[in-house]
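Hi,

Here is the structure I promised to hand over. Have a look, and my notes follow below.

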Amino acid sequence: ASDAEATRRLDLGLEPPHDPEAEAPPPRRRRRDRAKTVWRSFVDYMYPLSAGDSAAKSGSVRLEALDAPRWIASIQIVCYHMYEREGSFKQYATWFAVWTQLFFMLSGFVLSYAEMVRPVKKGRQLSVLKYVRRRLTVIYPAFAFSLILVIAGAAVSSKHTKFEWQVLPLHMLLAQSWLPICVQESWGASCAPWVFNGEAWFLSVLVLYWLILRPLAAFFRQRGRLFCIAYIWASWVFCIVFHWAGHKNTLAKAIGCQDSVCINRIMVAIRAGPLGYLHVFSSGIAAARIFILSAMCDVQTGGPPTAESTKLMLASSNAPCILRYGCCIGYASYVSVVFFATGLIEPYYYFFHNGGLIPVMFFVLVGAAVGEDPLAVWVFRCKPMLVLGRISYLQYLMQHVVR
């Protein structure tokens with residue numbers, strides 16, 4: 001009946017005939033819709049994590065934005081090693097060298113965060129050796145590959161000495177930096193951490209730190225925000241000890257050490273040994289605790305995390321403004337010092353090299369973890385930076401082979 005009525009109204013001219021083209025959007029609107037579709041596809045490609053933001057806020061927080069600062073640190077150190085003597089770049093290159101300490105603070109931050117957000121387990125725990133082995137399964141393949149390439153090149157060129165071949169087993173076991181082993185060669189002192197793939201010494205130090213990570217995480221888990229802040233500042237002030245010990249060989253002179261081997265042992269102990277960066281590593285653990293207390297809450301109660309909390313979620317709006325913009329604050333501070341106080345690092349090299357950038361790195365790490373900083377949102381979480389962040393360790397380890 002309705003079809004007959006519609007036909008009658010059309011015959012009487014009461015309704016215009018149906019024209020599909022008349023209902024189509026105008027060309028300008030079609031182009032605009034097409035542009036929106038292309039833009040949304042581009043954004044989805046560049047920011048693959050954006051679709052999972054809501055899920056991340058309802059469960060444990062994944063710290064993908066921390067991969068980018070690791071790559072930024074890695075590329076600075078690579079540039080230092082390759083271009084430290086290149087004209088005007090030389091005055092900035094020394095600053096790039098101090099970013100090795102980020103690897104220690106970042107490792108302490110990420111691994112202790114994973115421990116502190118888990119409910120306290122009762123009963124049998126994972127043994128220390130199994131825990132370290134789990135960590136090594138992530139990094140050792142890349143390290144072993146780079147070491148094999150260096151050894152192959154050394155076998156062909158025959159440039160390495162008897163001492164270097166003797167300490168090779170220590171490198172294979174990632175134990176080359178545990179003790180400051182040095183000998184006198186014809187050209188000067190040669191030290192175990194810096195032969196073969198010398199840039200990998202920090203991995204050897206990390207292995208020792210992983211042995212004590214879980215006890216340290218359990219200790220800081222029971223501490224409040226003010227204690228952790230005080231600990232980080234105390235660690236920063238403690239860097240003066242390394243400046244005193246290393247600057248102009250003050251410690252060597254104080255103990256009557258005059259030969260080059262003894263002086264280099266002290267230098268290795270400070271710059272490439274476990275004693276030189278334990279305060280940096282533990283500062284990363286304290287920073288993780290501050291992040292949890294400042295930017296996370298209990299899923300069940302909505303209140304701050306407690307010892308009884310079984311599941312936490314991100315509450316970035318609770319974080320102080322200074323932490324929500326931590327990446328901008330940290331990198332802006334660093335750039336300002338590099339360009340406007342370039343000469344400051346020369347008389348205080350050991351201070352900056354062994355933890356002097358702890359405040360800068362604290363803001364960068366916590367700001368990236370909170371996830372509201374513009375750098376974290378628009379730069380660190382974009383796909384190119386995510387890819388670069390995941391290859392940062394391999395890039396760092398392969399620099400000696402490429403060079």
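Counting bonded cysteines along the chain, the disulfides follow the pattern 1-2, 3-4, where a disulfide is a pair of cysteine sulfur atoms within 2.5 Å. There are two of them. Before the details: this is a predicted model, with local features needing pLDDT of at least 70 and side-chain atom pairs counting only at pLDDT 80 or more, while totals for chains, interfaces and linings use all residues. Residues are numbered from 1 along each chain as its sequence is written, and side-chain values use heavy atoms, with hydrogens and water left out.

Strands β1 (residues 182-185) and β2 (residues 188-191) run antiparallel and are joined by four bridges, with a hairpin of two residues connecting β1 to β2. Strands here are DSSP runs of E, at least two residues, numbered from the N terminus, and two strands pair if DSSP finds at least two bridges between them.

The other disulfide is Cys-257 to Cys-262, with the sulfur atoms 1.7 Å apart. Cys-257 has 7% relative accessibility, so it counts as buried, whereas Cys-262, at 21%, counts as partly exposed.

Cheers

Terms used. Buried means under 20% relative accessible area, exposed over 50%, partly exposed in between (1.4 Å probe, protein chains only).
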